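Please walk me through this structure, taking one feature at a time.

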Amino acid sequence: MRPMPRHLLIGLAAAFAIGVACSEPTAPPRAVPGTLELSLASPNADDRALLAKVVLPRGVTVTAVTAGAGLELFHRVTADTVRLALFGDLASGVVARLEVSDAAAAVQAQVLEVSGPDDRLREALGGYALTVRR
Amino acid sequence: MSLSRALRCALPGALLPLSIAAQGPETSGTVHAVWRDPARAGEPATLTHHLTLDDGTTLRVGIARGLAEPYGGLDALDRRRVRVALRDGQVTAIRGIDAPAAGTLPEARLLAGLAQPRPYVTLLCAFPDFPDIRPATLAEAERAMGGTYPGMAHYWDEVSNGEISMAGSIVRGWYTLPQPKSAYVGSSEANVTLLARDCAAAADADVHFPDFAGVNFVMNTDIGCCFWGGSGGLTLDGGPRSYGMTWLGGDVMRNVGFVAHEMGHSLGLGHSSGPYGLVYDSRWDVMSMGAWYVTPGEGFVIGSHVNAYGKRRLGWIPDARHYEAVVGTQTILIESAAQPAANGNPLMARVPTPRFGASQYYTLEARGLAGYDAPLPGAGIVIHRVGGGGATASNVVDPDGNFEPSDLGAVFAPGEVFEDRVNDITVSVIERVGNAFRVTIRLGDHPRVSIGVPSRQLTATAGTTAAIADSAVLTVGGVPPGTTWTARSMFAGPLALQTTSGTGSGMLRWTLQTAGLGPGVYYQSVRVELMPAVFADLEVRLQVTASGTLVAGLSQTALHDSTIAGTRRSGFTAVRLSGPGADTASWTVSSAAPWITVDSVAGRGDRWVSYTRDATSLAPGLHTAQILVDVPAASPSRVTMYDTLRVVARPSWGVTARGASRTTLAQGAMPVRDSLRVEISGPWGAGGEWFANQSTGSFYLMPEYPLPRGSGWLRFTRAPGDLAPGVYPATIGFTFSAAPDVEPFAIVDTLVVVAGTSALKLSRQTTRDSLVAGTTVSEDSVFVHPEGPSSSSRVWAADAPPTRLAFPLMGSLIPNQRTGPEWIRWVRNVAGRSGGWHVDTIRFAFVSGGGTGAQLIDSLFIAGPAAPATLAVSASSRRTELQAGSSTIVADSAFVTLGGASGGSVGWSATRSSTWIALTTANGLGSGTLRWTRGAAGLTAGWHVDTIRITAAATGSPARILDSLRVYAPLAITGASLRPAGVMGAAYADQLTSADGPSAPVRWRVTSGALPAGVALDSLTGAVAGVPEASGSFSFTVRVVAGTATADRAMTMTVTEPTLAATAVIDQLLGGARLADDHQRYLDLLGNRNGRVDIGDVRAWRNRILAAAAESPAEPPAELQRLDTLLAQRRAP
């Protein structure tokens, strides 16, 4: 029996190595459901209503939305957006919580309208910010 | 050729260059006057002034009339180089006036008797955004401007009696302007400086401008509101240089009378007019009504001659053909103003009016005889009053006072007499002799003073030192022996009076100090005053010519001035160098007086030198100083200016005004004249000259010549024009000529404009003429003035039987239609009419927009072949209305005309059938008025008709008037008091209705209570409409008015709020389905009312629901229940 040529041995070893790699792929990280807290920063102390928008990455779903303490909340979920209307004495701090399918997802929140006690809209929203905390 | 130095143009109005302030309070340049002639009658003509600086910059400036008075008035400043103080675009002082620019009018006056070539170049320029409009070809424009009738060269040759010639005039174009029309033309102004600059630059390659005396700028479309004429500066082909200028547009080459009018301004003429405060109403002068006669055949529209006042001003009536009336009786022949025979007869007579003032007089001239005067309405002597304070300097004397100065009433034919009892003047027209009229003038004795030869021209060579002595014969009369007269030089200069006072007739002597005078023309004026308002003026013109060596001189070598203690006042002179090296010779200026500060201490060549006299530390009294100008290269090397300043203590003074200071006029009403009594105390109360100016356009001061002295009357006109209802204060400022630096005193006059109804007003309601059968021309006119809102832009039309009266087409106006206040003229068709009376009615009505019309009865009596008596009545039907049961009586009348030669002796009588008509004048002899009344007593509602029959013997069929009476039930508001309910935020519509009442248009209004906000009642239709902005119950009272009848009704309207589904509201807010528009409006009205639904609106709606729930906890609103449900759903995980 003739010994196997050296270059064939190298080719077989490479083919084996490739075969092992294809049959056992590495698994991606798993999405972990969790709660996102929306925290409001306001330049005014007498805000009474807030309209906001939260944009979620594709594939991330919202399972529940709850209001912050003492606030009344309405929301509407579309494909990748949640719109929220909050009524009550809004102070800086947590104003709503979102239960989402992936708590690590990159989420953007934006203040759309704010009204004061006289129902007039704040003319400038520059000092407002909605922060997402996990 | 190209622009050597581009003109920088100032924008009209208040946008004056700030650089003026940087130039300091004084500047020098050439004054250019521009007249603005609006196309619409009723708008005032305005005179604006521009100042062209040495670098070609042109500024628009204001010059008060009083400031120019010492220099001969505003007219005398035109095209004159001046040094002025400027503040905010307003000339506050005239510091000096120089020789006239070359080729301008003062020279024309001095050279009277010599035919002067005054060629014009006419430039045709097109706006690039109207490329296809060419109202005239080059050949047509050359025809209009040419030397055959009625071309402008031909016209001015006849009007000036050959004194000027426009031979050599040319027309060039069409050129395209570089900018669109909007860059040049606004709604009420045009930037004439920019138009001149760009149009001239476009033609520069084809035209050498110094070859011409004037430039006509003709655009291919209208140029806004107006045409303009006057003067302006151009820097093309060397300069800046002054030219006569006109700015015209559209179809003006056919309406050449307008060209003549503006060219008249460019020659230096102002306006003339009738005596009625209007400007464009006199056919006796092209400078009033420019275009009114249509030439047969070619159809050019032209006007007549310039009046004698204007011709004399321009030197076109020489001394040899000018007659000055003297005290006593004299008979002269006045030759035709047009195409006069070369027989030496006067072309005009001047009759002084001593009781009106020394500068006022009458002119007499023979008009309507030949040439361009032939179309005038009649031949005879026409009289103008000059300086009488009308709208213009010369006003036609119109004895019949019919508001028509252009008819035969203004013509004094043989046998007619003009009498002025105030001035003791009688003018009798004796007879016509060929193309002249024999006239007897009687002038009563009066205080008078005159100077034998009131205008002197002297010459000297620069560098001479000898004084020139001169004298004139002074004639004094009409005063007791021993009455003293005084003489004074009117402004600073080389003239020194040797005689300053005297008694009786004698010699007036003066000298002209030539030492130190540079080359140029020096105008001096002396006033000899016998008593207030009785004076004579002497004008002396000294021309200093250059010599063969370098000679230094000044424009004035002595300045006598006064100022108030504690102030600073500037002085000036100009260095004038002549001879070799004059352009570059250097000089220095100095003064040893500590209170003198020289502004420019060194320079080269000819320049103005200004200095400041500081009186802050000077005691009252006379102070003298020398201003030394050293020119090393000249001989003599030093010239001296002697400055004498009188410092007077600050006076105390005051002005009070008595008379109407608050006047109420209806919107668009005719202008109203008024006057204020001005009482002046303090140092000028006894005779200080003053003038007034005003701040707003609703108030026009009448010019006063000469300037008032001491206490006197201020005359003015208030014209509401198109002002909206409101209060318009006008500040009238008073300035004293003797002390212009004193802070002016001001009073406030208030014009209250109240809402007016639209109506046409006529200057007269009847017109009549009489003529002999066979005469072919009979015409008349009336002034029509729309009153009420936007009166100046309301279009109205005249209507008359077309076979009997015709309204000649004037220019491009629509036949029979006019806009705003306007004269309308008509021609009576005389051909084929028989003898007797012919009566027509001309009706005037607004073309659109409603308003009350007017009518005029026009009568023509033809004395001629007898015709059978005819019977006619001025109306064929009449109608009126009355309320049932009313005791009111309505009177009416109609004119019964008995025509024919025998008509005057034929009797007539009238009858009727019904008892509701009572004939109050039922018969008469000859033409007369039939009168009757109607009453509604006993009549039921509905129409009642009867015929009034008028019969007269031997006139054939009777005339009839169908008289109708409508009897109506009282006016009432119909429909329910509880009006349909509305919903907040939703459109609401309701219709109020009325019944019965007079047939006048009804008007609705709410008299008490109020409709919901957002809902309104249409006063014309009774419609109630809008979007309710609040809920609740609203009570109000409505009134309907028809004529004099009214009816009231109390009404109620409720407004409810809509019921909205909470899910729908929240969905709208969160970007879901949108609510109906009504509901969106409702939410927004509840909330912040910013026009859309937002978080604030939803919060307001939510709080409203919660509040309602709190009020009725047992029965929460349905919305709340639904909201709770929704909340529960939303909160669910």
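Predicted model: local features only at pLDDT ≥ 70, side-chain atom pairs only at ≥ 80, totals over all residues.

Q: In what order do the four strands of the open sheet lie?
A: Strands of a sheet pair through backbone hydrogen bonds, either parallel or antiparallel. Here the order is S4-S5-S2-S7 in chain A, with antiparallel pairing. Strands are DSSP runs of E of at least two residues, helices runs of H or I of at least four, both numbered from the N terminus; pairing takes at least two DSSP bridges.

Q: Why is one side of S4 and of S7 in chain A left without a neighbour in the sheet?
A: S4 (72-77) and S7 (108-115) of chain A stand at the edges with a single partner strand each, so one side of each has no neighbour there.

Q: How many bridges join S2 and S5 of chain A?
A: Eight bridges link S2 (residues 47-55) and S5 (residues 81-90) of chain A in the antiparallel sense. A:Lys53 has A:Arg83 in S5(A) as its bridge partner.

Q: How many residues of each chain are in contact?
A: Contact means C-beta atoms, placed from the backbone, within 7 Å. By that test, 19 residues of chain A are in contact with 19 residues of chain B. S4(A) gives the most to the side of chain A that touches chain B, with five residues.

How values were computed: Residues numbered from 1 in each chain as written. Chains lettered and ligands numbered in written order. Contact = placed C-beta atoms within 7 Å.
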